[in-house]
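Please keep the sequence and the 3D view open while reading.

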Amino acid sequence: MNQEVMMNKEIGQRIRAVRKRLGLSQEKMAEILGIHSTTHYQNIEYGKSKVTINHLQIIYEKFGATPNYILLGEVANEEEYVCDFQCQSSEQKIKVFVEIAKQAFGGSQYDFDVYLKKK
C-alpha cells in the first residue's frame, strides 16, 4: 500500500473519531460538511476520497479539531487527544493502558506485559 493511500486512511480515521466523539451519524456529518452523498462521506472516512480544505475549515470551526490534527495527527488539545485515542487499534489502546497502569502502580511491582501475554 502506498504512502498516500495510508495517509488518506489515517485522515479518514481521525475524521471518523471526531464524528463518533460527538455522537453524530455519517448522514448528519455529511450534511454538516455540505456533502450531498452519504456514500461520498463514507469514502472520506475510509480513505477512498480526499477531504477538502472547506471540509477541514468546517470541522475546525464547528468541532475544534485543527487541520494539523486531521491531516497530520498532531494533537493540540484534550478533545483531539480523546479522538486520537479512539482512532487507535485495540492493541494500541491496550499499550496505552499498560503504560498508564505502570506509571500509576509502579512497573516493578506488577508485570503487566506477562499478564497480557497470558490473555
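Leaving aside its neighbours within four places in sequence, which residues is Ile-58 in contact with?

## Ile-58 and its partners

The model is a predicted one. In it, Ile-58 is in contact with Ile-32, Leu-33 and Phe-63, once neighbours within four places in sequence are set aside. Ile-58 lies in helix H4, which covers residues 53-63. Its relative accessibility is 14%, and because the cut-off for buried is under 20%, Ile-58 counts as buried.

## The chain as a whole

The protein chain has eight helices and zero strands. Read from the N terminus, its elements run α-α-α-α-α-α-α-α. Of its 119 residues, 30% count as buried. Among contacts with a separation of 6 or more, 44% come from residues 24 or more positions apart.

The average pLDDT is 82, and 74% of the residues score at least 70. Helix H2 has the highest confidence, with a mean of 97, and helix H8 (residues 112-118) has the lowest, with a mean of 54.

## Helix H1

Helix H1 has 19 residues. From first C-alpha to last it reaches 27 Å, close to the 27 Å expected at 1.5 Å a residue. At the start of H1, a side-chain oxygen of Asn-2 comes to within 3.0 Å of the backbone nitrogen of Glu-4. After the helix comes Gly-23, which has a positive phi, near 70°.

The buried residues in H1 are Asn-8, Ile-11, Gly-12, Arg-14, Ile-15, Ala-17, Val-18 and Arg-19. An α-helix has 3.6 residues a turn, so residues three or four places apart point the same way. Asn-8, Ile-11 and Ile-15 in the buried set can be read with that spacing in mind.

Arg-14 and Arg-19 are both in the buried set of H1. What is the relative accessibility of Arg-14? It is 8%, and Arg-14 therefore counts as buried. A polar atom of the Arg-14 side chain lies 3.2 Å from the backbone oxygen of Leu-71. Arg-14 and Ala-65 are 51 residues apart in sequence, with 9.4 Å between their C-alpha atoms.

Arg-19 is also in helix H1, and it counts as buried because its relative accessibility is 8%. Not counting residues up to four places away in sequence, Arg-19 touches Leu-24, Ser-25, Gln-26, Met-29, Tyr-41 and Glu-45.

## H1 against H3

Two packed helices are described by the angle between their axes and the distance between the axes. For H1 and helix H3 (residues 38-45), the angle is about 115° and the axes are 6 Å apart.

Which residues of H1 meet H3? On the H1 side they are Asn-8, Lys-9, Gly-12, Gln-13, Ile-15, Arg-16 and Arg-19, and on the H3 side Tyr-41, Ile-44 and Glu-45. The residues of this contact divide into three nonpolar, three polar and four charged. Arg-19 touches both Tyr-41 and Glu-45 of that group.

Leu-24 is found in the loop between helix H1 (3-21) and helix H2 (26-33). Is Leu-24 buried or exposed? Its relative accessibility is 19%, and because buried means under 20%, Leu-24 counts as buried. Apart from residues up to four places away in sequence, Leu-24 touches Arg-19, Met-29, Ile-32 and Phe-63. Two of these residues, Ile-32 and Phe-63, are also in contact with Ile-58.

Glu-31 is found in helix H2. It counts as exposed because its relative accessibility is 53%. Glu-31 and Tyr-41 are ten residues apart in sequence, and their C-alpha atoms are 9.3 Å apart in space.

Conventions
Residues numbered from 1 in each chain as written. Predicted model: local features only at pLDDT ≥ 70, side-chain atom pairs only at ≥ 80, totals over all residues. Heavy atoms only, no water. Helix = DSSP H or I, 4+ residues; strand = E, 2+ residues; numbered from the N terminus. Buried < 20%, exposed > 50% of the residue type's maximum accessible area, 1.4 Å probe, protein only. Contact = heavy atoms within 4.5 Å. Expected span 1.5 Å × (residues − 1). Polar contact = N/O pair within 3.5 Å; in protein donor to acceptor, adjacent residues only side chain to side chain. Axes fitted to C-alpha atoms, helices over the stretch in contact; angles between N-to-C directions. Nonpolar A, V, L, I, M, F, W, Y, C, P; charged D, E, K, R; others polar. pLDDT = per-residue confidence, 0-100.
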